[in-house]
Every structure is written in structure tokens, then in C-alpha cells.
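Please look through the structure below with its sequence alongside. The paragraphs after it go from one part to the next.

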Amino acid sequence: MTLRFTRRQPLKPFNTFGMDVAAEHYCELDDLADLPALLASDVYRQNPTLWLGGGSNVLFTADYPGLVARLTLKGARLLETDGDDAIVEAAAGENWHAFVQHTLSQGWYGLENLSLIPGTVGACPVQNIGAYGVEVKDRIESVVCAQLERGGEPLLLSNADCRFGYRDSVFKHEAAGKLLVTAVRFRLSRQPAPRTGYGDIQQQLAAAGIAAPTPQDVSEAVIRIRSSKLPNPAELGNAGSFFKNPVVPQAQAEALLAEHPALPHYPAGDGRVKLAAGWLIDQCGLKGYRDGDAGVHARQALVLVNYGKASGGDIRALAQKVQAAVRQRFGVALEAEPIIL
Ligand SMILES: Cc1cc2nc3c(=O)[nH]c(=O)nc-3n(C[C@H](O)[C@H](O)[C@H](O)COP(=O)(O)OP(=O)(O)OC[C@H]3O[C@@H](n4cnc5c(N)ncnc54)[C@H](O)[C@@H]3O)c2cc1C
């Protein structure tokens, strides 16, 4: 399809918080061949641009004054096999969960713990999505990018080039606004090696009477757990975890644990400790707290929700209230996970 720009595009269908905002300019990119024309256009050159995937990790607090370009590039294919591994490439606009299910159906394993995460393949390296003991960096071979300042010329970043960290990558730093992810290459295994040691996966499997789980069983267990714990954005606007789990120096963690032995914590490497942000928020009495239509979810304190008519500003104000409460009670700073615009 040829490139088409529109004006005053409502973004409500394109963000999982359901914020009723508009983009001054809007276009969809469903063919990479159209990227040079997009980058050469007056609309692009004269406006700030937001590259949007599924809108499941953004909070709009106002209309977007520039161009929102939504990537809808499609396709997934096996590039090669390498011993027991399958190198699989998926286009940026593929729905993440549908892609994970596709890999399982093909016998390519390793992404099952990341089932049911909303959003697109193109955004998965941006914050190095993670859940149930797996981060996508564990399975990314390389990332295919377009260089925005070079007419869309391709560039392949290796896993190391992406400098993945906890909910972090080069795409949030030096590469932000310079590199567009157009496809991601995954190194998956043709030998099942289910990882069941995290969270409630084992309990779920036991409850279903499964002693020797397949990757598909793990995926289904993760789907059941997530569906029971997290609000469905189609019913209640949200962007998943609104705060990252804070990572603090060992000494600070020890001092906190001496006072609060029940505080869930995990080693984070380099003598640092990751604390459970949800627990900290819960201890401040904020789980289930509601201010108008902006709320802290009743079952998962990490998730802020839009009960219907909350504005992005209302959600941001609630986030600031949560941050202030946790800072005051525990001396710990909580960082927002979604991009706030
Ligand atoms: C109910 C729910 C549960 C969630 N659970 C998890 C979870 O368990 N783990 C987890 O890690 N996350 C989770 N998230 C957050 C979210 O699903 C992920 O961050 C996801 O990767 C965002 O994908 P998206 O396509 O919606 O990105 P968007 O929200 O559209 O974009 C996010 C950022 O990435 C940039 N971006 C998007 N596409 C590209 C591209 N092709 N190239 C360069 N930059 C790009 C955007 O500009 C923006 O800055 C959850 C969200 C929800 C709503």
C-alpha cells in the first residue's frame, strides 16, 4: 500500500491505557519499501515523530503534536538451522503473543515464558521484555534496524550491540530516534527445555496434573497465571507494570531487610539487589487505592489502571503519589516503566 498521511488521528484504539488523545499527523507503514518516502516527506522532516507499535507501554498525557507512525510490517520465517537451534526472523509489526504461539506450533522453543505480553515484535528489544524468569535478550540473536538519519539504510545490531539490561537497551538511549527496529532475529531451540522454576508456574502445572510439561504446557500455564493476575487492557486500561522493580546497593537492601524481613528480593548482579516494587507499594496501603478513575489495581499493586475517564495527567499524578509514598516510607525511588508523553 502506498504511504498515506492523515490529520487529527484518534489514538484511543492504539494505546492500551485507552487515552482519548489524537495525533496531529498519522501514518501506517506496512511496507519497508515506503520508508525512504516517509523519511523524505515534509510531514516527517517538519515534525517530531513517535514510532508506535501496540501502544502497550506508553502513557499519553496530551495530544501528540507531531507524527505518529505505526509499524504494521508483517511476516515471520525460518532463516536457518544451526545444530539444535532455529534462527527465526519476525517483522516488527507482528503481534508478540501471536508470534510466540507460532514459534511453539513450529517446534521452535524458548519464548514460552513470555506468552501473552501485549505489543509487537518490534518493541520487544526496546525494553528487553521479560516475565517468569526469562528476558527476551536470552533469545535475541540480532536486531534488524533502519537508520533514520540515513534514509532508512539497514543496520544489523548483534545481541551485544543492543546492550540489554533490566527493561533497558540501546534503543532507549543512543539509538532512540536514530534506529527503527524493522525485524528481530531469534535463536530458538528445537529441543524443548521448559523453564518452570519461576513464580507460580510449577503450582499451575501441578494443579493441571502435568508432571513432564512441554513448552506449550508452560505457555498455557503462563497464560492462565497472567489472566488471573493482570487486568485485560480490553476491559480496563493499563500498561502492565507501571514501575520497574528498583535495584539498590547490597547495603541498602540489607538495612531494609533488617527492618522488613518479608520484603521479596532477588540478586541483581554487581553486588546489587532487586526489590519487589509491588510489595513496597502494597505496604504503603495503596493497593486498590483509587483517585477518581485513576487507580492502583486491587490484585497487582504494580499496575495502574484507567477505570474509564482518567486522563493521562490523572494517571501521572497517581504515579507521583505512589512514588512519593514509597520514597517516604522506604527511601527507595521507583522509576516509571512506560514512556510518558
Ligand atoms: C497487560 C500488560 C502486561 C504487560 N506485561 C509485561 C511483561 O510481563 N513484561 C514486559 O517486559 N512488559 C510488559 N508489558 C509492557 C509491554 O507489553 C511491552 O513493553 C511491549 O514490548 C510494548 O510493545 P508495543 O508494541 O505496545 O510498544 P509501544 O508501546 O507501541 O512502544 C513502546 C516504546 O517502544 C518504541 N518502539 C515501538 N516500536 C518500535 C520499533 N519498531 N523500533 C524502535 N522503537 C520502537 C516506541 O517508540 C516507544 O518508545 C505489559 C503491558 C500490558 C498492557
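Lys-244 is in contact with Tyr-166, Arg-167, Lys-172, Ala-277, Leu-334, Glu-335, Ala-336 and Glu-337, leaving aside its neighbours within four places in sequence. The model is a predicted one. Lys-244 is found in the loop between β13 and β14 (247-249). Is Lys-244 buried or exposed? Its relative accessible area is 10%, and buried means under 20%, so Lys-244 counts as buried.

Glu-254 belongs to helix α6, which covers residues 250-259. With a relative accessible area of 46%, Glu-254 is partly exposed. A separation of 43 Å lies between the C-alpha atoms of Glu-254 and Phe-14, two residues that are 240 residues apart along the chain.

In soluble globular proteins, nonpolar side chains tend to be buried together. Here the largest nonpolar core has 44 residues, and Phe-243, Ile-281 and Ile-315 are those with the most contacts inside it. Helix α8 (residues 312-330) gives the largest share of this core, six residues. Which residues does Ile-281 touch, leaving aside its neighbours within four places in sequence? Ile-281 is in contact with Phe-243, Leu-286, Lys-287, Val-296, Ala-301, Leu-302, Val-322, Val-326 and Leu-334. Another core, of 39 residues, lies apart from the largest one; Phe-99, Cys-162, Phe-186 and Leu-188 are among its residues.

The remaining topic is the ligand. There are 32 residues around the ligand, and Trp-51, Gly-53, Gly-54, Ser-56 and Thr-120 come nearest. By type, the residues of this shell divide into 17 nonpolar, 13 polar and two charged.

A polar backbone atom of Gly-54 is 2.7 Å from an oxygen atom of the ligand. In the side chain of Thr-120, an N or O atom is 2.6 Å from an oxygen atom of the ligand. A nitrogen atom of the ligand, in turn, is 2.8 Å from a polar backbone atom of Gly-130. How much of the ligand does the protein bury? The ligand taken alone exposes 980 Å², and the protein buries 92% of that. Which elements give two or more residues to the shell around the ligand? They are β3 (49-52), β8 (130-131), β12 (179-189) and β13 (237-241).

Conventions:
Residues are numbered from 1 along each chain as its sequence is written. This is a predicted model: local features need pLDDT of at least 70, side-chain atom pairs count only at pLDDT 80 or more; totals for chains, interfaces and linings use all residues. Side-chain values use heavy atoms; hydrogens and water are left out. A residue is near a molecule or strand if one of its heavy atoms lies within 4 Å of it. A polar contact is a pair of N or O atoms within 3.5 Å; within protein, one must be able to donate a hydrogen and the other to accept it, and residues adjacent in sequence count only if both atoms are side-chain atoms. Accessible areas come from the Shrake-Rupley method with a 1.4 Å probe; for residues, only the protein chains shown count as cover. Helices (H or I, at least four residues) and strands (E, at least two) are DSSP runs, numbered from the N terminus. Ala, Val, Leu, Ile, Met, Phe, Trp, Tyr, Cys and Pro count as nonpolar, Asp, Glu, Lys and Arg as charged, and the others, Gly among them, as polar. A nonpolar core is a set of buried Ala, Val, Leu, Ile, Met, Phe, Trp, Tyr and Cys residues joined through side-chain atoms within 4.5 Å. Buried means under 20% relative accessible area, exposed over 50%, partly exposed in between (1.4 Å probe, protein chains only). Contact means heavy atoms within 4.5 Å.
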